[in-house]
Amino acid sequence: MNNTIIAVDGTGSYRLYLTITTDAVKEASRIHGCTPLASAALGRTLTAAGMMGLMLKGDSDRLTIQFKGDGPAQEILATAYPDGSVKAYIADPSVDLPLKSSGKLDVGGAIGNGTLTVIKDMGMKEPYVGRIDLVSGEIAEDLTQYFTVSEQQPSSIALGVRMDLEGRPAYAGGMIIQVLPGASDECLTALEDMLFYMDSLTLLIKDAEEAEGEDKTRILMDLIFGKLPEEFRPVILDEREIKWHCDCSRERMEAALVSLGKRDLRQLIDEDGQAELTCQFCRRSYRFDRDELEAIWQKAQN
Ligand code: ZN
């Protein structure tokens, strides 16, 4: 099911990425056993990464967003691909803090002071790496700063995860608006006004999910942009699906063991006689017994 729209307005002033990622965020939260605060932080990061993955050009390109801070969440990382697949993890999924005075989850407090790093692996020798100091740790503000400073791309970003009464993610999604070269001032002013008066994104997602009609993201787009003059409304270029998917495999785990080198592997075989590796993204475990480890040892270099 397509849950993501890529669009450009009639005057070519801005490009829009709009997505409802409720399913992917629920999956991530369940896999990692997240508190509401961890779900919000992980869900926002995953949603942004998913949209930024769709911006990649080559089929084998890969994008990683990493938030690293001195707050209790420590690190949040999401990796996304051009086909809409995204996987993510948070170092401390049990992170919990008092709500902010606004009643919102304190994602900025969970991350603390630190850095945002964006890594784009585009099949070159060296990946592209952009790094900025965090603005607030609230994810969307930090990514807006990243786009402005590192990519010279003025953007407006909204990300949201709304919890149900049990503290599990109920609605999630995001929006990236990129200003295009030669944008009309009139259009940008109309857009700014629209964003200023816009309801919270997750409330609008709730409205879209509860509305009649199959295509919830189209409904959401109309709810957000419907009040703009006709020529400034987004025109859909493409519809895609952002989905949770982990591409780990036994072969990859084997390769990780091989990369330990003969000496460390020997020690592992002699001392433990087996190995169990857990994927940090999907928490799947891979067990290797002594015979399998011996075979891997044969393949390893000194
Ligand atoms: Zn995995």
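**View 1. Burial of cysteine 282 and cysteine 246 in the predicted model.** Cysteine 282 has a relative accessible area of 17% and is therefore classed as buried, in a model that is predicted. Cysteine 246 also counts as buried, because its relative accessibility is 15%. The cut-off for burial is under 20% relative accessible area.

**View 2. The zinc ion and its cysteine donors.** The SG atoms of Cys246, Cys248, Cys279 and Cys282 coordinate the zinc ion at 2.2 to 2.3 Å. The site is tetrahedral, with angles of 102 to 116 degrees among the 4 donor atoms. For four tetrahedral donors, the ideal angle at a metal is 109.5 degrees. Along the sequence, the donor residues follow the spacing C-x1-C-x30-C-x2-C. Cysteine 246 belongs to the loop between β11 and α8 (250-258), and cysteine 282 to the loop between β12 (275-278) and β13 (285-288), so this pair ties together parts that are 36 residues apart in sequence.

View 3. Six strands form an open sheet in the order β7-β6-β3-β4-β5-β11, and their pairing is mixed.

**View 4. Strand β7, its partner β6 and helix α4.** Strand β6 (residues 114-121) pairs with β7 in the antiparallel sense over 6 bridges. Leucine 116 has isoleucine 132 of β7 as its bridge partner. Helix α4 (residues 140-150) lies across β3 (62-69), β6 and β7, and runs at about 120 degrees to β7.

Notes:
Residues are numbered from 1 along each chain as its sequence is written. This is a predicted model: local features need pLDDT of at least 70, side-chain atom pairs count only at pLDDT 80 or more; totals for chains, interfaces and linings use all residues. Side-chain values use heavy atoms; hydrogens and water are left out. Two strands pair if DSSP finds at least two bridges between them. Helices (H or I, at least four residues) and strands (E, at least two) are DSSP runs, numbered from the N terminus. Contact means heavy atoms within 4.5 Å. Axes are lines fitted to C-alpha atoms, for helices over the stretch in contact, and angles run from 0 to 180 degrees between N-to-C directions. Donors are N, O and S atoms within 2.8 Å of the metal (3.2 Å for Na, K and Ca); water is not among the atoms, so sites may look incomplete. Four donors count as tetrahedral if all angles lie between 85 and 135 degrees; four count as square planar and six as octahedral if opposite donors are over 155 degrees apart and all others between 65 and 115; anything else is irregular. Buried means under 20% relative accessible area, exposed over 50%, partly exposed in between (1.4 Å probe, protein chains only).
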